[in-house]
Structure formats: C-alpha cells, structure tokens
Amino acid sequence: MDGLITDLVLAGYVPLRSQGIALPGYATGPLSNAWYCAVCSIDGDHSGTVSAFEPFEASDIVRLPEASQRAVSIGDPWHDVLLWEGEVHVGTPSIIIDQLGDKVARMAKDAPLTLLDLAMASDQLDRAALVKTAHAHLCAQWGTDDADRWQTDNFARQYVLIEARRLLANSRQEGKADIIRELEFVREEDTICVVIPDRLRKLLALERSAAAFEQRIAAFAAQTGTILETPHDLTDAEDTASNDRLKIEERHPEAVGAGRDVPASGRVLVAAIGARARQLVRYLRMPDWKPDWNEEQKPSELPDGAIDIIDEHLEVKKFEQYSVIIWVTDEAFAEQLRQTFPSELVRRIEAGELLCILAPMLPTQAPPALLAERSLPVDLPSTTILDTSIVRSPFWSGNPKRSIDRRVADLISATAQLVAEGTPIHAWLTADRPRYEPLLLSISTGRRSDRSKEVLASEVSSAGLSGDDRRARDEKWFSWSEVPKDRSGLKMLQGSAVVRRHDPDFGPFAKAVVLNRKDIPHFAPDHRLIGEVPTTISDCLCFPHLTGAFRARDKRNDTICVVSAEAPNLKALRAATMTGWAIARYSDDEVLRYLGGGPRRRHPHHFRLPSDIALPSLNRLGRNRGLAVRGVDPRDVIRIRREIHDDWRQLNPGSKLTQTVRWYRADVNQFGEPLERSEYAAIPVKEFLRAEEEGDRSAKYIRDHEGVETPSAGALAKRTADLRASWTKPTYGAWRLMFEDGKLPVRFGLVDDREVAAQKFFTIDGDGSVPLLFTSRLFDIWARATLTRSPSWSSRFSITRTFETFPIPDDFLVISDDEGGRACLRADPRSERLARLLEEQNRQLLPTKRDFDGREPSFEDGSELHRDQSDREVVLLDLIGLEPDASDLDVLERMVEMNRTAGT
C-alpha cells in the first residue's frame, strides 16, 4: 500500500536543532499516527519536486498546528519546515521567505547559512551578499580556515553536485550517483578549483553535457560571487568522445502510421522530452489526408508516411533511416536539448543531414520561451521552430472542441507529413534554406478556402496579417489541398504554411484580435498608444516586448488597456492601477469586452480584475483538505432508471445491495421535488461486483436487465476517494450542500442523506457558514482568479488550486473527519460577528428543517444582501484586515498574502 500513496498532508516535523531547517513529516490526516518522509526528485535540491513518500518512525515528531499544515502530492514542489524565533514556517523556500518578512534581515545576521539554503532555491534574495555574510559569520565564530573549508566543501561543492545531478538526471549509467560524488574541489587562496575525475568526464562527454556543466558552474559562480575555476579541457573531451552512448536498454520506437512497411523517406522521428511532451506524443496520429501541392507533386506519388516516437529515456541506433526529427519539449527542458540529443543525432544535424524542428509545449499562462525570446537557449545550427502557439489563436482553423495539447498533437502530426523528405517544405528548409537563423514554421490545416491568411498568426508571429510588408521578403509561402486518403467525395479542405525569420512580434496580432474581431468591437486604433506601454507596467512582465496599448472606442470611456501575450501578475495589475490603466491577456475576451464598453466608473469596486491572472505559487492548506469533494464519477456507479429500480427493489427486499443505493442528484435546481422524482438511482460498481461474486440474485437481475449498463467483471474504480466521501453522511447538525462546477456566483442546493451529487457538482459539509462564505465576495474573487480555463471547455474549479488554497478566515472552523476523508465548515461559536450574520441569513435564506418539507431553499448569491454594501461583506472584509471600500485587487492581494503566510 505504501507504494500507492500519492497525496499526504505535511502535518508535523522532527526538529534537528532549536532553530533552522527541520525534517518534514507527512501523514494521511491531521490525527494519523503513521508518518512518512518525502523523497526529492534531485537529492539535496530544495527547488526539486516530491517524487515519492516513504514510511519512517521517529519518537520526537512535533505536530503542526492545523493552520500550518499543507496538502502535498507527488510532483508538487519540495516543501520545507523552518523553525525561527519560536515560530514555525512551512512551504516552498520562496513562500517561507515571504513568511519571514522583516525577519529576513535578522536571520541574515544571526543564521546566514540557513537563509542561504532557502535563497539558493528561490530568486528573492541576493545570494552573493548572503555568501559573503555567511563567510564573515563563520570567520568570526570559527576562524578563516574553517570558513574557507565551509565555502569550498559544504557550499560550493554541494551545489555543484546538485547541478550535476540535475544535468545527468536522465542518464542510465550504472553507478551514476557514485560517479558524481567523485567530484572534488581544491582551494588555492581565493580561487576554488573544480577537479573533475575521469569517470565523470567520460559520463559528461558521452551525455553531451560537458559544455552545459561548465556553463552551469559559471552561472553558479556569478550568482554567488564565488571564484570557481574549471578545467580548460573539459569541453574538449566532449568533442572527441565516441558516438557510442553509454549502454542502456534498447527499445524499438513506436510507429504511428500506415501499418505496413514505409520507405525510409516517409518516416519522421518525433522525440519527446519532459512529462507533458511524453503525454502529448501519445495522441499523435497520421492525418487522414494527403497534401496536393497544387500539382507540383501528386498525392499518389508521396509515401503514406509514419511517425516513430522516442523520448529522452529511449535510444535509436539507425538514425540514417530518418531525414526529419521533430523534437517536442517541455518549457523546463528547453535549455537541455543539446545534452538530450544523442551524439549521432547532433552530428547529423550539424552536418546538414537531418532536418531538425523544435516543437515547444505551451505553458498555460504565457508563450513558451523558445517562441517568445529573440535568442534561443539552445545552440544548434539550422534550427526551425514550429509555432505551436498558433493553436490557441482566436483565428485558428482547427477543431475548437479539442484540448490545447490535443490541438498541438494534431499540428505535429500534420507537420510530420508536410515536412517529410520529398515535400516542397522539406526541400526549402534543407537545400534551399536561407542563411538567416532561426526560422519559424507556421502551419494551418483543415481550413475552408474562404478563410483568410490570418489563421497563421499567433501571439508571437504576425504571419498572414496585412500591413506586415516589411517581413514579406523573409517569407516563403506554401499551399496545398488536402485529399482524403479514403478517396471520399467530401469537399477538399485547404492548407497553408509560411516559413519566416523568427522575430517575435505581437503588435499586428494584438491589433487583429482587439480591433478586427466582431465579438470585441469596443476598441479603436490610436497610433499614439499602440506599442507604447509605461515601463512601470512592462517591467513587471516576463515578455514586455509582447504587449500593445489600446484606447476604448466610446469617447465617454477613458480606459486605456494594455493587451499582453501573457497573463498579468499581481505586480503588473497593481502597476496598471497606479497608472490609471488596465491590463489583460489577449485571450481574455470577457474582460476586454467589459473594458472597452461604456463609461467606466472610478469606484474601486468597479475596477474589473482580469479573468486570467498569473498568481505566485500558493500553499495547499492542510486544513482545507477534504472540505470540497467532487461528485461521483459516472464510471464508478451503475445508474438505474427509477422504474427499473422500483421493480428491482420490490423483487429483492432482503438484498444487502439494495441498502447501498443513493439517488443520483443531477440538477441543483430540482431540489424541491421529492426524492422519488430523481431520474436515476446509483449503486457503487465495487459493491455490485462484490455482490455478483457472492451470488446475490439482485446483482444477477441488474446484470441481465437490458435497460441497465453494467461494467465488466474486474473493473477498477476511477475516483475512489470521491466515491467514498459521497456515500458518507454529514456529521451531526451539518448540511451537505452542492453547487455546480465553474459557475459563479455560487448557487447552493441541499443534498439529502439518501442522495449523491453528479460529477459536475462539488459538495461541502457544514452549517450556515458554508453559503455565508462561499457566496461572498471573498470566494467570488478567489475562485475567478484560480479557475482552470481552456478555450475548448467551460471554466472549472480545481480541488488543489481553488479550494485547498482558499485562505479561510480564522473565525471559521474546518473540522476534519478522518474516517470519510471529509471536512466540515462551521462558524467559530466564539465569533459574535459571524453569529449575528448567520442569524440574519438563516431567517432569509435557510430552511428551518433539515428534512424535505416541499419548500425550495435558495442559497443564491446573496443579492438580497446587496453584495458590495451588505453587513456580511463588511464583516468578512474586516476579518481579513481590509476596509469596506477595498477594491477587488486589494482583496486578492490580501488573500494571496494570507495563503502564503498561513500558520505563521
């Protein structure tokens, strides 16, 4: 069972000393007596991720207060526990530094080594200054020799070891950890010399990582003010290394395509690096059409083609069978591409024998750096970048119902066919390739002939947009008709592509999005503003060159809006507010329509926050774990129509299976109807299969009934935690309330003990404090900022991002139920202010009885209380330390601060 644990609560710690970093202890719940420790993805790396949990025993574990506990899952950032001045700080290193606040200065003076450990895993402090402070601190206490020894062996060597582990994380060399530990440091006066043993040299050379290792050592030295000297011949070993990589397990690449022998010229190698990239390549399928290149080459003359897939853990020896490789990379691994490429592959790319196309994965809230930056982080000749960001352009011609990653997969699949050897694009990118580098490849497929060329534009490219004549001389256009492979009589669709010099350009695209779209008709061009963004705002953005400024068309509206390629962060929002401007991402249609509308009032409540905001990393608060529970997954239950259920129950009165039935609540608006009016009854699949194994007649009746869809024997539950929590009953005196996923303002309905909610709902147990808090302005602002959004589906709440991070004021109590995995929200009985609000709310909104009495309770958004001026909002704002006239941005900034400092 231990190997299956993926989610725990950081609920305690083992103090290693009175002050400093403690050992975090994890448990299944706040009262659990079984403890676990986390395993880091990179040994000793405080900026790594949690890769596993292992059981451990200790007699001196100290339980954390409930407010300081954190929910942590495998894959989450590494969490630390810091003991300082009688307080406990919990979270990632950057969050702990925020929690320390003004205490950082005192800690730098009294415990600089501990603070330096945190600083090395965050970007908030001056590392070089801290190294000097730590060295001086040790000199004063132990002398210069000991201080030098610390700087050489305990600091510089340890962090360079971490860099080596990061760089060689994907190597499969046996004994890799021991080889890395052989790294030695020798101090000569003020210079520290890095001594790299032969075995490590060979490993770095064969992994094509020597140059990158040297760069990382130099970067570490620059950031910390440490003088490090590396061997001058380190990269020479890489240049002369054998092309044979270290022995690893060989596996044939997966072929996606025609299912028969495919000529070598028709094969394209797709290589993935990173977890998201590996997930994406599973969706690759060869298109069901062939390109007709305007009679330059008939579709029948081209091979059907196939895609071979590998990742960074796999190896292909016969690279000569490929003439094209498409490298799909996660954002975090872009700088490691050269090291990840097998040496033979790099040699063929450098010799011009292999066409290499980089396909970056898309971060959710910003363009990928490979597309947004003018200079590439990878030094490869003849580099072509596929513009994957085109799939989230409002002008994109593909299927709008597909997720972003599946859209990228469709684009890569089409690209593999269009750039295969023998195609016009392949010829132009190889034999006829221009001298300027790198090149950007933009592709649009499946479009009607009446669609304009703007389908090729994106957040980093103005390809196809009128008024961009200055770039036309650097462009090469291609077009084709898409002939179905099955020769069907369907009307052929069109495709087009353009190859141009890669020079990120957002202005023309922003103008096309904001000014030319019919659904956003509220902005007007103003040549005095376009591209002129105040530095106070642009300095807060990662890609300030990908912005533009626009004025509202309505003369009564003096709004000036900065439109950006990235989601604005809180600093950018505050800078815009101070300037009197607004800022929103180009994809934030709702807010752009609002900002460009009629006259705007200057009252702070009417400053509309963007829907898409880049929040800092947030704590998953342990006290919130189990508070919100998603409804049951339909795959985990058997749904039986009401009339079938009634006959089945009547025929099997003594069956235990009938006792597990719950009515399936699929609509919050139908609460006033009797239970028997629910359309379906639900039985857990697990209970049904168990009854069937035991020979229960009632299970056989369900299996044999043609009106009931039943699972196959041995079917596994999908979301067991949600299923178990939904079948439990609320604690005494509490309601179970349901509300629809992603719908704001929240509308509540009661869930009876004999009901379970469908998957599109969340449920929360508690008293009247649940609608009081979750229909408030506080939750409305928090939920809108943390919604999971996609252009292919409606917005959704997230357990980990919306509910577990929500900083609930201390006047509310969250009481955990270890048995059912649920928590219950109640008002603190000592809070007189909440008691008065609940009394008023109970009289207006809540039923007087818990059972069904035929009335329909209305847990609406509290419009009767006049949201912005109600006593409720004034009290709740006061609970988080804000005045009644606080703006939405004030509220969001304060709640982010509360989350990051929770428990301190």
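This is a predicted model: local features need pLDDT of at least 70, side-chain atom pairs count only at pLDDT 80 or more; totals for chains, interfaces and linings use all residues.
Local features need pLDDT of at least 70, side-chain atom pairs count only at pLDDT 80 or more, and totals for chains, interfaces and linings use all residues. Residues are numbered from 1 along each chain as its sequence is written, and side-chain values use heavy atoms, with hydrogens and water left out.

Reader: How many residues does the largest nonpolar core have?
Author: A nonpolar core is a set of buried Ala, Val, Leu, Ile, Met, Phe, Trp, Tyr and Cys residues joined through side-chain atoms within 4.5 Å; buried means under 20% relative accessible area, with a 1.4 Å probe and protein chains only. Phe774, Phe812, Leu825, Val891 and Leu892 have the most contacts inside the largest core. The number of residues in this core is 64.

Reader: Which residues are among those in contact with phenylalanine 812?
Author: Contact means heavy atoms within 4.5 Å. With neighbours within four places in sequence left aside, the partners of phenylalanine 812 include Arg623, Asp828, Leu825 and Leu879.

Reader: At roughly what angle do the axes of helix α25 and helix α29 cross?
Author: Helices are DSSP runs (H or I, at least four residues), numbered from the N terminus, and axes are lines fitted to C-alpha atoms over the stretch in contact, with angles from 0 to 180 degrees between N-to-C directions. The axes of α25 (residues 777–786) and α29 (residues 888–900) come within 10 Å. The two helices are therefore roughly perpendicular to each other, a term for angles of 65 to 115 degrees. The crossing angle is roughly 80 degrees.

Reader: Is serine 94 buried or exposed?
Author: Serine 94 is found in helix α1 (residues 93–100). Residues up to four places away in sequence not counted, serine 94 touches Ser122, Gln124, Ser617 and Arg900. Because its relative accessibility is 17%, serine 94 counts as buried.

Reader: Which strands stand at the edges of the open sheet of 4 strands?
Author: Strands are DSSP runs (E, at least two residues), and two strands pair if DSSP finds at least two bridges between them. The order is β27-β29-β28-β32, with mixed pairing. Each edge strand has a single partner, so one side of each is left without a neighbour in the sheet; these strands are β27 (637–641) and β32 (755–757).

Reader: What is the bridge partner of tyrosine 664 in β32?
Author: Strand β28 (residues 662–665) runs parallel to β32, and 3 bridges join them. The partner of tyrosine 664 in β32 is valine 756.

Key. Buried means under 20% relative accessible area, exposed over 50%, partly exposed in between (1.4 Å probe, protein chains only). Angles under 35 degrees count as roughly parallel, over 145 as roughly antiparallel, 65 to 115 as roughly perpendicular and the rest as oblique.
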